[in-house]
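Subject: Structure for you, with notes on one interface

Hello,

Here is the structure you will be working with. My notes on how two of its chains meet follow below.

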Amino acid sequence: VPWYECVTVEGALSAEQRTELAGAITATHAEETGAPGDLIHVVFHEMPSGSTYTAGRPSTPTLIRGLVRAGRSPEVRLAIQRRIHDACVRITDATPMSVLIAIIDVPATWAMEAGRVLPEPNKADEQAWFAALKQ
Amino acid sequence: VPWYECVTVEGALSAEQRTELAGAITATHAEETGAPGDLIHVVFHEMPSGSTYTAGRPSTPTLIRGLVRAGRSPEVRLAIQRRIHDACVRITDATPMSVLIAIIDVPATWAMEAGRVLPEPNKADEQAWFAALKQ
Amino acid sequence: VPWYECVTVEGALSAEQRTELAGAITATHAEETGAPGDLIHVVFHEMPSGSTYTAGRPSTPTLIRGLVRAGRSPEVRLAIQRRIHDACVRITDATPMSVLIAIIDVPATWAMEAGRVLPEPNKADEQAWFAALKQ
């Protein structure tokens, strides 16, 4: 965690655009929170035509949900939202209105990676976590 | 947001049934909460055979999760659950026991659309949000 | 609910491995919480190659998210995380570092199955819920 899920319609993103957007999301999260890159996952879900609706009508939205460790400030959350929104609009053909970014808090203890409950979102706990992992 | 995800097995829904169910979910959410339709997204995830299990055995469930802005009353949540449940049973071949509806609250500030943090779930804030968008 | 979602890359799991992992997740949840099997759903999302990134680079993670009724103790959550992690490593070719397990609480009242709001996570309420269902 973070675990980012990007839902788009088939064909909306080329392989290059996916890689670029994954890079932008990863860099945003790492820079804004200081979280280690190895914990940052991005998954693209490309939906077949006819699977997505907005206001009850077929649509081509870009829906991004990030599950992140709770404990960041409102300013950090807003910076993540804004930078990912801007990256979507810059990298893809999405119109701003079609882009949704949801950043969802979960307590660090709700997630386990590498067989260990995740550390609280701060440098000291994260370094101790990786040090324990290496032993 | 709201962002509704409907998980079914491949072939469970025809294109017509998807459209009808998307319409029922959208109408339910709009009528029960007053939320503007342009914020209501519905995504269908059709799983290949062999991807879904209940009680450890292959199953054909209808799993619906709605991410909604926090702040509605328990009565509104229950009305949404009941109407979507009933729509599933009416529109699809699902048995009541196979239908799960989860309505998950997230604070409005956790979500951004059109490059703006979402308004609180009330008429005045929503109208101000759309007015700001138009400028 | 619980609703477990397992995200892997295409080809990571054979049908036999999926069945075995679904069984392990179901048994873990049932044994650690006492929850009835009929409420335990497991869905596998196999992502096409090129859909998953970690640290901004293509990766082959195993991402598991369980939506569970709130109210269990930290010890129960940890036992679920550990047993599902161990099952992943034992049943699949996943390395420990590539396995993420997130166990997410939602209030019981946020979910409806069989047309009824779910009971609180204890034996008495669950038995009353199933008894009411049979009438």
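A salt bridge here is a side-chain nitrogen of Lys or Arg within 4 Å of a carboxyl oxygen of Asp or Glu. The count between chain C and chain B is 1 salt bridge: B:Arg65 pairs with C:Glu5, and their closest N and O atoms are 2.9 Å apart.

Before the rest, some conventions. This is a predicted model, where local features need pLDDT of at least 70 and side-chain atom pairs count only at pLDDT 80 or more, while totals for chains, interfaces and linings use all residues. Residues are numbered from 1 along each chain as its sequence is written, chains are lettered from A and ligands numbered from 1 in the order in which they are written, and side-chain values use heavy atoms, with hydrogens and water left out.

Chain C gives 30 residues to the contact (heavy atoms within 4.5 Å) and chain B gives 28 residues. The buried area (accessible area, 1.4 Å probe, that two parts lose on being put together, summed over both) is about 2,400 Å², with 63% from carbon and sulfur atoms. On the chain C side, C:Trp3, C:Trp110 and C:Met112 lose the most area to chain B, together 32% of what that side buries.

Regards
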